[in-house]
Amino acid sequence: RLAAAARGDAGLRDDDHRALARAAAHAAAELRGGIAKLAQLASCRPDLIGPIWAAELAALQDDVPAIDAAVIRARIEAELGQPIAALFAAFTDTPLAAASLAQVHAAELADGTAVAVKVQVPGADHVIAADLAALRAIAQAVGAVPGLDLPTLVDELSRALAAELDYVAEAAALAAFPTTAIVPRPIAHASGPRVLTMTRIDGERLTAALDRRPPADRDRLLGALVDELAAQILVRGHVHADPHPGNWRVTADGALALLDFGCTLTLTRAERAGHARLVLAIAAGDRAGAAAQLAALGFVARDPHRLVELTSALIGALRPGAAVDALDWEAAVAAQLAHARQLDGLVIPRSFVLLGRVLATIAGLLARYRPQLQLHALIVRHLAAAAG
């Protein structure tokens, strides 16, 4: 059937797609590392890859095959230099979540505090090193691609993947992160470079909560999520750069909680102002102003006018009056790809690699659930604060 589809004789059935997607998810879970991260990101965009593939790949957000508990216990004791019994009053061998680079176990401190213990999978550093070498080799072989800045993408993704292995840095980012969402608190005496213990936040996975709640409540949650990410990007400048649905929880009282701070992004005041002014220029139809802001942010293209056209297509949902539920997301993606294919000599600022991942993830959620929201109305106060 694959051969027939390739010839154009017949399309694949849903069962064929499901089997292929399941096999791809299994392979990515076994390989872990960067390929699992890529599949994880793809799972957030059912509008691009289809609902069947998105559903199968979604397991990679926090449900890859678990490492044996004895290995995890040994890892914790070796990293922290104490037996499990001295560190925790209770420790649960069945993981709360297992992802590509780490798995998380429930535990309890001596004072009764419920905690989550994030443990780096043994060998994760070697997997990442191999993935990064392969990524660089592929980028070199592929060469220039219209609409892509492969050198910057590879460099920044390499840095971000390597940074995810440093739990000391993650603990510091978690402790310092300003947010209106609920976040865990790191526990210093039970943490180290490859083990991070933090207060446990109980809640329902974001997509599970969105799937079962009535439309008004679902729209409220998505509006709160958009507001929080806009505040991070435009006002506070501290951005959670891996906000896939597996890292969001909805607590029993309906509040949003944010987990996993292994990948964060810091934006300067000038960058925040530049992004805000860019959105405002696009909204006002000010092409010259948009081109100037793109150049100030570090975007370069042989034809700046085409770059403005691509940017306008990418952020069309942020225009005043644009309703998320009324947008033709498939047509918008087609227009974005068409503009990108005509764009030569593209250079993007390093910060936009991770920022683009954030925006792509939230766009996937909005395209999937189509809430009755107007994004411009939600973020206009953040735009005004950032633009000065």
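Of the 388 residues of the chain, 49% count as buried, where buried means under 20% relative accessible area, exposed means over 50% and partly exposed lies in between, with a 1.4 Å probe and protein chains only. This is a predicted model, in which local features need pLDDT of at least 70 and side-chain atom pairs count only at pLDDT 80 or more, whereas totals for chains, interfaces and linings use all residues. Residues are numbered from 1 along each chain as its sequence is written, and side-chain values use heavy atoms, with hydrogens and water left out.

**The whole chain**

Along its principal axes the C-alpha trace spans about 65 × 55 × 45 Å. Among contacts (heavy atoms within 4.5 Å) between residues at least 6 apart in sequence, 69% join residues at least 24 apart.

**Helices α3 and α5**

Select residues 33-42, which make up helix α3, and colour G33, G34, A36, K37, A39 and Q40, which are buried. Then show α2 (14-31), α5 (51-57), α8 (124-142) and α9 (150-163), which are included in what covers those buried residues.

Stay with α5 and select E56, which is found in that helix and is buried, with a relative accessible area of 18%. A polar contact of 2.9 Å joins its side chain to that of R22; such a contact is a pair of N or O atoms within 3.5 Å, and within protein one must be able to donate a hydrogen and the other to accept it, while residues adjacent in sequence count only if both atoms are side-chain atoms. Leaving aside neighbours within four places in sequence, E56 is in contact with R18, A21, R22 and A25.

Next select residues 114-120, strand β4: six of its seven residues are buried, so the strand is largely enclosed by the rest of the structure. E108 stands opposite A114 in β4, and the two strands form a hairpin with five residues between them, where G112 in the turn has a positive phi of about 90 degrees. Now bring in β5, which pairs with β4 in the antiparallel sense over five bridges, and find L196, the bridge partner of K118.

**The sheet β6-β8-β9**

Move on to an open sheet of three strands in the order β6-β8-β9, with antiparallel pairing. β6 (204-205) and β9 (256-258) stand at the edges, each with a single partner strand, so one side of each is left without a neighbour in the sheet. Three bridges join β8 (residues 248-250) to β9, and R249 stands opposite A257.

**Aromatic pairs**

The structure holds three aromatic pairs, counted where ring centres of Phe, Tyr and Trp (its six-membered ring) lie within 6.5 Å, with planes under 30 degrees apart called stacked, over 60 edge-to-face and the rest tilted. One of them is the tilted pair F88 and F91, at 5.9 Å centre to centre and 35 degrees between the planes. Another is F177 and F261, whose ring centres are 4.9 Å apart and whose planes stand at 70 degrees, so the pair is edge-to-face. This pair links distant parts of the chain, 84 residues apart, with F177 in the loop between α10 (167-176) and β5 (195-199) and F261 in the loop between β9 and β10 (264-266). Both F177 and F261 are buried.

Finish with H275 in helix α13 (residues 269-284), which is buried, with a relative accessible area of 10%. Not counting residues up to four places away in sequence, H275 touches L234, L297, F352 and L355.

Then select α15 (residues 304-314), where L307, V308, L310, T311 and S312 are buried; the buried residues of α15 pack against α13, α14 (287-297) and α16 (329-341). At the start of α15, a side-chain oxygen of D303 reaches to within 3.1 Å of the backbone nitrogen of H305.

How values were computed
Helix = DSSP H or I, 4+ residues; strand = E, 2+ residues; numbered from the N terminus. Pairing = 2+ DSSP bridges.
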